[in-house]
There are 2 protein chains.
Amino acid sequence: MISEKMKPLVNNNSAIRAMFEEGAQMKAVYGADQVYDFSLGNPNVPAPKEVKEAIYDILENEESTYVHGYMSNAGFPSTRKAIAESLNRRFGTSFGPDNIIMTVGAASGLNVALKTLLNPGDEVVTFAPYFVEYGSYVGNYDGKLVVVPADTKTFQPNLEAFSEKLSEKTRAVIINTPHNPTGVIYSEETLKKLAAILEEQQKKNGSPIFLLSDEPYRELAYDGAVVPYVTKYYNNTIVGYSYSKSLSLPGERIGYLVIPDELEDSETVITAATIATRVSGAVNAPSLMQLVIERCVDAQCDVGYYERNRNALYNGLKELGFECIKPQGAFYLWVKSPVEDEKAFVAKGKEYHILMVPGSSFACPGYVRLAYCVSYETILNSMPAFKALAEEYKL
Amino acid sequence: MISEKMKPLVNNNSAIRAMFEEGAQMKAVYGADQVYDFSLGNPNVPAPKEVKEAIYDILENEESTYVHGYMSNAGFPSTRKAIAESLNRRFGTSFGPDNIIMTVGAASGLNVALKTLLNPGDEVVTFAPYFVEYGSYVGNYDGKLVVVPADTKTFQPNLEAFSEKLSEKTRAVIINTPHNPTGVIYSEETLKKLAAILEEQQKKNGSPIFLLSDEPYRELAYDGAVVPYVTKYYNNTIVGYSYSKSLSLPGERIGYLVIPDELEDSETVITAATIATRVSGAVNAPSLMQLVIERCVDAQCDVGYYERNRNALYNGLKELGFECIKPQGAFYLWVKSPVEDEKAFVAKGKEYHILMVPGSSFACPGYVRLAYCVSYETILNSMPAFKALAEEYKL
């Protein structure tokens, strides 16, 4: 009954669903506090108080037809201005409201960018491990996702392998920093090298290659780590942002694209992306939340909570003998499986009521992802289970 | 720089933009109250008080991580249950929560349905005049929009011409009732005949044809007119709904799809539509608004305001000698142009500061659309201008 394109997605979905249901069943049987669920990237830190205050302020002081009404498909000019100015203050950029297009979260922003740019058969390069939905997004526009294998020493992008994957068909590259699932932040050095490689390939191709920087975790950076602003290193950059994590609003679907003036033919790309937002069916990003963002551009959820979680989980697992990448940002810990087949490790974890996601789901087998956007108590309480798991593998 | 598919949309956009800018300029020159802008379908009636009350109730009594968090891609089960029960109460249907998928407005719902169903080259039939974005939505999935010419006597769908447009490639049919731009409500008799034609064609094709009923204006019906519930007449119906008009929330992008159990292979279609919601980048409909809808399923904006507007505009123009279709619902008046080239009529209207949309924009030249979701005063104040326009054409 369904389209050919949807069939593999539906088939694949039953595996995800089975995993989810197994977790739910475990919680039903053993009690939710006896199951250590590190499988979901759903923020557990509440939105900052500014969000609620902003909603009350808006509902008390603005007209309903304005608050809940249509605006330009790109979003309220006042919201876009507030975002541009916040970025300029924080990153020394020089964006205006026209460089910002409000989107239904970062996922929708990436789709808008890809719809704007891709012709069938165009190649989009990304780095393993990667968020598996990138494949669906690229497939939506009949592009082909080309995956660069991981540099398993640093989990910075593997730039040597990257050069080899570029071709005359390369139309875009997707990066994600701070990174899901490894927690790595792409360094300035990495971005400079990556930009140089892309510049060279652009010249060879005689046509632009767009760098799509997916940045929903930008504000979740620890130990004072700097997350370089990618548009400064490469002109043909489009940034996709979401307030899902920084303001703990994942369900509200609110984010934006940055399309800088420096991007080739930027005016046409901005117009096309605005139209893509409309014809994709989103029409515009949710209006009340746009007005909330306008008032909360510099607010943040309690990032310290995640940092404490990171420290507890990373240090705890290190001490037990697990090999982990120390997360610089985001809320994921990337752990090397003690056995080659990480799915066996995930299954073994379940025996100790620990839920993890296999690295195969990120095109990087041999590792597992732990999402530590959970309560601090869950992390503390999980430690005996991890200890038993470590003993099982004689770590 | 942009994809081949986006190019015609960008070119076409400049015409729309020119029209919009001309209107803005007129208002700047003559004052907004001296320009009678009937060009936009943006509700001017505020959201009912229940919406604001619901938001306050939710923010005071529910956890932030629940209110603004991720939920199932199909939406909160409690919201879907409330909607299903409201539909069952009002229309005698028997939907459960699983038959409802929350969407980012009706436009996104239609896109989700088309993504779920269409293979490249599949034909989707609709009736002129029609909302021009249907062409973009169908094109998003490489389908082909097939347009049935209007029955200019009744503006009910032209069923004779419809039969001739069906083929072995017909995969779906889009209807819209109450109707933009004519204000017509499809009668029970029309729906029964339409269903019979589709049943016959399905048999001939040996494969289902899906009827997509786009119903954002369902609650805007006047003189006690009944809007028949389409799933009762044809099993393979998918309903697309939006709260843009009934609750005056167009900017919030909140609506739903109904996929009934009676639909062929409904379980797979529901799963696929849920996944299509996710991979299209929407992920889920905005969370706070879902919880608002749960509390406001039976609330309505002041439909009486639109009815008064309809009466004033319809009666006023009739008296002046214009030929109009009396709107049974929605908030549009469909007026026959006094001259064959309705664009000349639209241009002439501008001389009297009246902004209208030419019927060509709905694939039905020779007519114009007036959106009466404006203040009552605008309608009263516009009458002398319409009188002068009528005199110009010696009506």
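Two strands are taken to pair if DSSP finds at least two bridges between them, and strands (E, at least two residues) and helices (H or I, at least four) are DSSP runs numbered from the N terminus. With that in hand, strand E5 (residues 170-176) and strand E6 (residues 210-214) of chain A run parallel and are joined by 5 bridges. One of the residues involved is Asn176(A), whose bridge partner in E6(A) is Asp214(A).

This is a predicted model, where local features need pLDDT of at least 70, side-chain atom pairs count only at pLDDT 80 or more, and totals for chains, interfaces and linings use all residues. Residues are numbered from 1 along each chain as its sequence is written, while chains are lettered from A and ligands numbered from 1 in the order in which they are written.

Zooming out from that strand pair, E5(A) and E6(A) sit in an open sheet of 7 strands with mixed pairing, in the order E2-E8-E7-E6-E5-E3-E4. Strand E2 (100-103) and strand E4 (144-148) of chain A are the edges, each pairing on one side only. From one strand to the next the twist averages 20°, with axes fitted as lines to C-alpha atoms (for helices, over the stretch in contact) and angles running from 0 to 180 degrees between N-to-C directions. H6(A) lies across strand E3 (123-127), E4 and E5 of chain A, at about 145° to E4(A).

As for the whole of chain A, there are 13 helices and 13 strands. Its radius of gyration, taken over C-alpha atoms, is 21 Å, close to the 21 Å of the globule rule (2.2 Å times the number of residues to the power 0.38) for 395 residues, so chain A is as compact as a globular protein of that length. Of those 395 residues, 52% count as buried, that is, have 20 or more other C-beta atoms, placed from the backbone, within 10 Å of their own.

Then there's the second copy.

Conventions:
Buried ≥ 20, exposed ≤ 12 C-beta atoms within 10 Å, placed from the backbone. Contact = placed C-beta atoms within 7 Å.
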